[in-house]
Amino acid sequence: MTTAQGHRICDEMSERIVSAAETIVTKEGTHKLTVRKILTRLGITNRVFYNRFRNIDEVLGVLYQQTVVKIRKRFAARTQGKADYFEYVTDLAVEALMLSYDTKMQFNHYMFENDSVNEANRAWWVQEIRKHIDEAIAKRYIKEVDSEALSYAIWCFCRGYNADAVGRGIPREKAEADFRYSFFFLLEGLKR
């Protein structure tokens, strides 16, 4: 039996394998994750692992998908709580950046490559960003713009900033402060 995610058996042991992999990756990074480390950590055999996953990349794929879902849920569940719309949008962008920052520090290379080729991920983010742009246009907070093109540009800005900050190992607090500063000027150019 193969599941929609591609692995053969989807059960509690599959979840334990993914959890063990996440612990190893968090402590050591993706480049140090091996099947042997998972087997040792859980005290299981090769057969138990390979009945559930074809290889370590498949486990990383599951971790990647779980991370994307967590970030999306937090981003989509956010409601406007600030009186100032631009402060709200900035806080929202910073929160999305920081949600992925910590995770990407551990999954940097793997996530950057998968984000680059994952059309569904790009489309989801552009759609979510576009909702905010369309709302801002409707409420006359910003100038009339091509919301589709701007949504894509903002996604590229946020994703590129995150990838560079993570790749260069910029401390989280500095990355957040610099992003907030830069994003402010991006928004300033849109105001009516």
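**Close-up 1. D146 caps the N-terminal end of helix α7.** In this predicted model, a side-chain oxygen of D146 lies 3.2 Å from the backbone nitrogen of E148.

**Close-up 2. Helix α7 covers residues 147–168.** Its 22 residues should span 32 Å at 1.5 Å a residue. The C-alpha atoms at its ends are 31 Å apart, which agrees. After α7 comes G169. The phi of G169 is positive, near 70 degrees.

**Close-up 3. Helix α7 has a set of buried residues.** Among them are L150, I154, W155, Y161, A163, A165 and V166. S147, S151, R159 and N162 are buried too.

**Close-up 4. C156 and C158 are not joined by a disulfide.** A disulfide is a covalent bond between the sulfur atoms of two cysteines. The sulfur of C158 is 9.6 Å from its closest cysteine sulfur, in C156. C156 is in no disulfide, and its nearest cysteine sulfur is that of C158.

**Close-up 5. Y181, F184 and F185 form a nonpolar patch on the surface.** Together they have about 350 Å² of accessible area. F185 is found in helix α8, residues 172–188. At 46% relative accessibility, F185 counts as partly exposed.

How values were computed:
Residues are numbered from 1 along each chain as its sequence is written. This is a predicted model: local features need pLDDT of at least 70, side-chain atom pairs count only at pLDDT 80 or more; totals for chains, interfaces and linings use all residues. Side-chain values use heavy atoms; hydrogens and water are left out. A disulfide is a pair of cysteine sulfur atoms within 2.5 Å. Patches are made of residues with over 30% relative accessible area and no salt bridge: like charges are joined within 9 Å, nonpolar side chains (Val, Leu, Ile, Met, Phe, Trp, Tyr) within 5 Å. Accessible areas come from the Shrake-Rupley method with a 1.4 Å probe; for residues, only the protein chains shown count as cover. A salt bridge is a side-chain nitrogen of Lys or Arg within 4 Å of a carboxyl oxygen of Asp or Glu. Helices (H or I, at least four residues) and strands (E, at least two) are DSSP runs, numbered from the N terminus. Buried means under 20% relative accessible area, exposed over 50%, partly exposed in between (1.4 Å probe, protein chains only). The expected span of a helix is 1.5 Å times one less than its number of residues. A polar contact is a pair of N or O atoms within 3.5 Å; within protein, one must be able to donate a hydrogen and the other to accept it, and residues adjacent in sequence count only if both atoms are side-chain atoms.
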